Amino acid sequence: MKYRLLAGGSVLALTAALSACSSSSGPDSANGDGRTTVDVWLMRDSVSAQFQKEFTADFEKRHPTIDVKIQIQEWDGIGQKITAALASNDAPDVIEAGNTQVAQFAESGGLLDLSDRKDELNGEDWLNGLAEPGSYEGKQYGIPYYAANRVVIYRTDLFEKAGIDAAGIKTREQWIDASTKLNKGGTQGIYLPGQMWYALAGFIWDEGGDLAAETGGKWSGALDTPEALRGMAFYEELQALGKGPKDSDEDDPPQAEVMAQGQVAQVISTPGGANVIAENNPQLKGKLAFFPIPGKTADTPGAVFTGGSDLVVPAAAAHPDEAVTFIKELTGDTWQKKLAVAMSYVPNRTSLASAVADDPGAAAMAVGAANGHATPNTPGWAAVEAENPIKDYMTAVLTGGDPAKEAAKASQDITRAMNAGS
């Protein structure tokens with residue numbers, strides 16, 4: 001999903017969702033001339049109109065017995081709309097889903113198991129942050145489509161003035177040193193709001209921890225493990241090198257607008273944030289650049305949450321073989337490279353990262369994507385994000401609370417939310 005990295009959509013009324021389902025696909029959707037129409041749902045901004053036109057023309061030329069009908073969907077309410085489609089007998093053949101949505105759709109039994117198609121779909125080097133959440137109970141339902149993740153956006157003029165070479169920042173220690181040098185004279189070394197929990201997740205993953213863990217089929221919150229506590233300790237150290245609010249996230253206030261005011265040297269964001277910053281302050285155009293979030297050691301970039309999409313085939317799809325053919329083309333070498341360049345995405349496979357080498361923001365994303373992760377792969381995680389005790393935990397620690405006690409409380413809240421429906 002275009003730079004928002006969202007895990008799901010708002011809920012619409014079920015009747016409205018049902019009425020919005022595709023009506024053109026079904027068991028008899030082969031055309032009179034022997035051609036078959038494959039119905040596809042892609043999300044708003046996942047492809048441009050020009051890319052869609054070029055891909056469709058090329059696909060239909062290469063596959064003369066298949067017509068493609070692409071319907072663009074809105075993210076708002078898409079979870080309920082897909083759920084309704086999967087429960088109907090009139091589902092599209094291919095659906096783009098947010099990578100962290102796949103488990104909940106697979107749990108319902110509404111998706112086709114594509115495990116036996118992994119080899120032909122180049123599954124040997126899929127990005128883990130897309131492939132892992134695309135699987136459920138050992139079976140592959142989601143085929144990685146594209147990814148986006150966070151990087152560091154920085155002010156080149158402020159770095160130059162401070163004598164800092166951003167290319168040399170490869171480790172957390174170097175990052176802290178640079179941010180400390182920048183955090184003076186009215187400049188914030190880094191603007192990091194207190195509740196950017198996706199950034200915290202990366203620091204926890206770097207330490208070998210996780211947000212939750214599964215034991216014996218039951219999930220439990222894991223913020224109180226030693227590894228997770230070390231991740232929070234680093235977040236606290238970094239957050240202190242600026243004036244980010246301790247009780248809100250990157251949207252309140254919008255951090256791009258804060259950086260546009262001119263007193264911030266760095267933010268953690270998707271690369272698209274640089275465009276917003278420059279729009280709010282044209283004087284910063286040409287003074288913004290990117291580097292991957294640093295890791296604990298120079299040889300491994302910092303762990304990041306991989307946002308993006310997978311492609312799924314409903315169990316009720318009228319044309320599953322043609323659906324897989326469509327997915328194979330869209331996720332294959334040729335069109336993955338073109339998609340990455342056209343939309344500044346990270347390709348779905350590590351071996352294709354060079355496709356975005358000439359796009360500085362996407363290139364920085366691609367480095368981080370190699371160490372990409374996903375939120376806990378269980379349908380119950382949606383309830384955690386809806387309540388989000390992680391944010392409250394972060395604020396509590398940053399305002400003086402005991403980390404161990406606050407982590408234990410948050411872990412209990414996560415455990416309760418994840419298992420509420422079981």
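Buried means under 20% relative accessible area, exposed over 50%, and partly exposed in between, with a 1.4 Å probe and protein chains only. This is a predicted model, in which local features need pLDDT of at least 70 and side-chain atom pairs count only at pLDDT 80 or more, while totals for chains, interfaces and linings use all residues. Residues are numbered from 1 along each chain as its sequence is written, and side-chain values use heavy atoms, with hydrogens and water left out.

**Stop 1: strand β13**

Select residues 307–312, strand β13. Helices (H or I, at least four residues) and strands (E, at least two) are DSSP runs, numbered from the N terminus. Six of the six residues of β13 are buried, so the strand is largely enclosed by the rest of the structure. Show the side chains. G307, S309 and L311 point one way. G308, D310 and V312 point the other way, and all are buried.

**Stop 2**

Two strands pair if DSSP finds at least two bridges between them. Strand β3 (residues 94–98) pairs with β13 in the antiparallel sense over four bridges. Find G98: it stands opposite S309 in β13. Strand β6 (residues 143–148) is also antiparallel to β13, and that pairing has five bridges. Here P144 has D310 as its bridge partner in β13, and A148 stands opposite G307.

Five strands form an open sheet in the order β2-β1-β3-β13-β6, with mixed pairing. Its edge strands are β2 (66–73) and β6, each pairing on one side only. Neighbouring strands are turned by 20° against each other on average, direction ignored. Axes are lines fitted to C-alpha atoms, for helices over the stretch in contact, and angles run from 0 to 180 degrees between N-to-C directions.

**Stop 3: the three-stranded sheet**

Hide that sheet and select β10, β7 and β11. These three strands form an open sheet in the order β10-β7-β11, and the pairing is antiparallel. β10 (266–269) and β11 (288–291) stand at the edges with a single partner strand each, so one side of each is left without a neighbour in the sheet. The twist averages 30° from one strand to the next. Strand β7 (residues 151–155) meets β11 over four antiparallel bridges. Pick Y154: its bridge partner in β11 is A289.

**Stop 4: helix α7 and its neighbour α9**

Bring in helix α7 (residues 172–182). The helix lies across β7, β10 and β11 and runs at about 135° to β10. Next, select helix α9 (residues 226–239). The axes of α7 and α9 come within 10 Å and cross at roughly 20°. The two helices are therefore roughly parallel to each other. Angles under 35 degrees count as roughly parallel, over 145 as roughly antiparallel, 65 to 115 as roughly perpendicular and the rest as oblique.

Show the contact, meaning heavy atoms within 4.5 Å. R172, W175, I176 and S179 of α7 meet F234, E237 and L238 of α9. By class, this contact has four nonpolar, one polar and two charged residues. Ala, Val, Leu, Ile, Met, Phe, Trp, Tyr, Cys and Pro count as nonpolar, Asp, Glu, Lys and Arg as charged, and the others, Gly among them, as polar.

**Stop 5: the cores**

Which residues have the most contacts inside the largest nonpolar core? They are W175, L223, Y235, W381, I390 and Y393, in a core of 52 residues. Helix α8 (residues 197–206) gives the most to this core, with eight residues. A second, separate core of 30 residues includes F59, Y145, A317 and F326. A nonpolar core is a set of buried Ala, Val, Leu, Ile, Met, Phe, Trp, Tyr and Cys residues joined through side-chain atoms within 4.5 Å.

Centre on W381. Not counting residues up to four places away in sequence, W381 touches W197, L211, A212, T375, P376, I390, I414 and M418.

**Stop 6: helices α16 and α17**

Select helix α16 (residues 389–398) and helix α17 (residues 403–418). They pack at an angle of about 170°, with their axes 9 Å apart. That makes α16 roughly antiparallel to α17. The contact residues divide into nine nonpolar, no polar and two charged.

**Stop 7: A340**

Finish at A340, in helix α13 (residues 333–343). Is A340 buried or exposed? A340 is buried, with a relative accessible area of 2%. Leaving aside neighbours within four places in sequence, A340 is in contact with Y345, P347 and V356. For a distance check, pick N183: its C-alpha atom and that of A340 are separated by 35 Å, and the two residues are 157 apart along the chain.
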